[in-house]
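Hello,

Here is the structure you asked about. My notes follow below it.

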Amino acid sequence: MPMNWVKIIPRLSGFAVKHHIPRTHNVRLFSVASRFQNQSQISYAGAELLKSLGGDTSQKLVDVSKVLVIGSGGLSIGQAGEFDYSGSQAIKALKEANKKSILINPNIATNQTSHALADEIYYLPVTAEYITYIIERERPDGILLTFGGQTGLNVGVKLDKMGVFERYGVKVLGTPIKTLETSEDRDLFAKALKEIDIPIAESIAVETVDDALAAAKSVGYPIIVRSAYSLGGLGSGFAANEEELRDLSSRSLSLAPQILVEKSLKGWKEVEYEVVRDRVGNCITVCNMENFDPLGVHTGDSIVVAPSQTLSDEEYHMLRSAAIKIIRHLGVVGECNVQYSLQPDGLDYRVIEVNARLSRSSALASKATGYPLAYTAAKIALGHTLPELPNPVTKTTSANFEPSLDYMVTKIPRWDLAKFQHVKRDIGSAMKSVGEVMAIGRNFEESFQKAIRQVDPSYIGFQGDTFEDLDDVLQNPTDRRWLAVGQALLHENYSVDKVHELSKIDKWFLYKLMNIVNMYRELEATGSLEKINSDLMSKSKEIGIFRQANCTLCQVY
């Protein structure tokens, strides 16, 4: 790429817009005027005391003045607003620390490309070639890789192997490259966890179809195939025999250089922990989440609740301790997401994967708890420790705390599959949803019904729909699975045990949904809205049944 640049500087709205135009590529860069003042960092007494301490606990900030931030890139399934959010928070943290920020992001439809955030913005594809030229031009002394999703990690690892960071003296802030490689390379990841006796599913990393078939014979069918260095479960899937595996592995290897053939644990619970660690080893678990659907459905396609509801105290602390042990062993500095599969009727568990970066779940955890994970991770990347950072909620105590929720959060994905004819509506280990909604309530029933109404205003809450083969839809999940559960419990008089046997959804969730069904029937029995007394109305509102639903149930319309 030739580097003879032509510089044109027009004036727009009080700030300079510079168009750097190489011969073969158009590069757009925006400079923020000095009128955007940096916000002063909130401080508290405890932080001042910690600054006076010596040794590893003393304040040792990274010596950088200009930082390149890898942006969210183009929107795609599994990679969208969550990385726009995390990147924006990182840039705000840099501005507070008086660090000049350079952003590369080709997507103009993002918040992080607003002129008031980054000092310089390059609207370029997030590739090793373009990042190298930006580094040559801007000469940053630091780079943040973990705020741009999987794309940022992949390009960071590639640039390190090319020697770009060493050549130009660029420091990788936060989680080191070696940790990123270990967490993304399935074989290295498996070896690292075995070193600390953390159980993972029996698996073999392969790079050819023939090796995949041989690995499956060793592991035993059914198996699941997972792709390395991929986002949203791209290229993953289940195979029950050799023919299915041959087709699946050939598709997966066309998308990723390495795949993992592992024993399927379909039907187990799926649980996630969001963990934060600073450079001296302080760790907290900000939030833990549980999937409504059992293992086999990608987290992005599953209904998720926070905090977890069906774990015993022993199970919760067992997985929490394992998450902290993992993040310390891998050497993550910043935020990390740990995903588990948990035996439904025992204490056996397996680690599915570790995302050493901000993820979709991180954004959900931040919104659910009010704890700004991305902002805190950026501060940690600059060298701050958790005890010296202020609590972002109280602003008077330390950020080294674990939020405790007295409410429920439910996330429900949104699909657009109905817009297409003859499309396969089944959901599995590869993500298909294009968005999600989040609702807050004082109990599961309330937050669940709020989320349903957000997904589609035509829904009045928990309800059913007609299906040609209801048992098949319950057994083989689709984007309409919750409607199938509603049909079974509301209209077909299925018992909780029968729905659980078919769907493997935990009975706790099904009994909670039965509370809604029982309230529906109680309201229907009144026959008219006038006969609903204040006590019954109050009980119905407590579980998320609103006035329109009451009218519909009582056949007032």
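How many bridges join β11 to β12? Three, and the two strands run antiparallel. Strands here are DSSP runs (E, at least two residues) and helices are H or I runs of at least four, both numbered from the N terminus. Two strands pair if DSSP finds at least two bridges between them.

First, the ground rules. This is a predicted model, in which local features need pLDDT of at least 70 and side-chain atom pairs count only at pLDDT 80 or more, while totals for chains, interfaces and linings use all residues. Residues are numbered from 1 along each chain as its sequence is written, and side-chain values use heavy atoms, with hydrogens and water left out.

**Confidence**

pLDDT is the predictor's confidence in each residue, from 0 to 100. Its mean over the protein is 83, and 84% of the residues reach 70 or more. Helix α10 scores highest, with a mean of 96. Strand β2 (residues 11–12) scores lowest, at 28. Over residues 1–42 the pLDDT is below 50. Where pLDDT is low, the predicted coordinates should not be read in detail.

**Overall make-up**

The protein has 19 helices and 20 strands. Of its 557 residues, 57% count as buried. Buried means under 20% relative accessible area, exposed over 50%, and partly exposed in between (1.4 Å probe, protein chains only).

**The four-stranded sheet**

β11 and β12 belong to an open sheet with the order β10-β13-β11-β12 and antiparallel pairing. β10 (203–206) and β12 (237–239) stand at the edges. Each has a single partner strand, so one side of each is left without a neighbour in the sheet. Neighbouring strands are turned by 25 degrees against each other on average, direction ignored.

Here is how the pairs line up. Four bridges join β10 to β13 (residues 259–263). There, S203 has E262 as its bridge partner. Five bridges join β11 to β13, where S227 stands opposite I259. On the β12 side, V225 is partnered by G237.

β11 is covered on both faces. I223, V225 and S227 are buried on one side, I224 and R226 on the other.

Helix α8 (residues 209–219) packs on the sheet, touching β10, β11 (223–227) and β13. Contact means heavy atoms within 4.5 Å. The direction of α8 makes about 20 degrees with that of β13. Axes are lines fitted to C-alpha atoms, for helices over the stretch in contact, and angles run from 0 to 180 degrees between N-to-C directions.

**The cores**

A nonpolar core is a set of buried Ala, Val, Leu, Ile, Met, Phe, Trp, Tyr and Cys residues joined through side-chain atoms within 4.5 Å. The largest has 52 residues. L68, I104, I131, I326, Y340 and V351 touch the most other members. Helix α10 (residues 313–330) gives the most to this core, with seven residues. Domain 1 (66–173) and domain 3 (269–405) both contribute, so the core lies between them. Those bounds come from an automatic or database domain assignment.

Apart from it lies another core, of 45 residues, among them W482, V499, L510 and I545.

**One residue to look at**

S183 is in helix α6 (residues 177–184). This serine is buried, with a relative accessible area of 5%. Leaving aside neighbours within four places in sequence, S183 is in contact with F189, V354 and A356.

Best wishes
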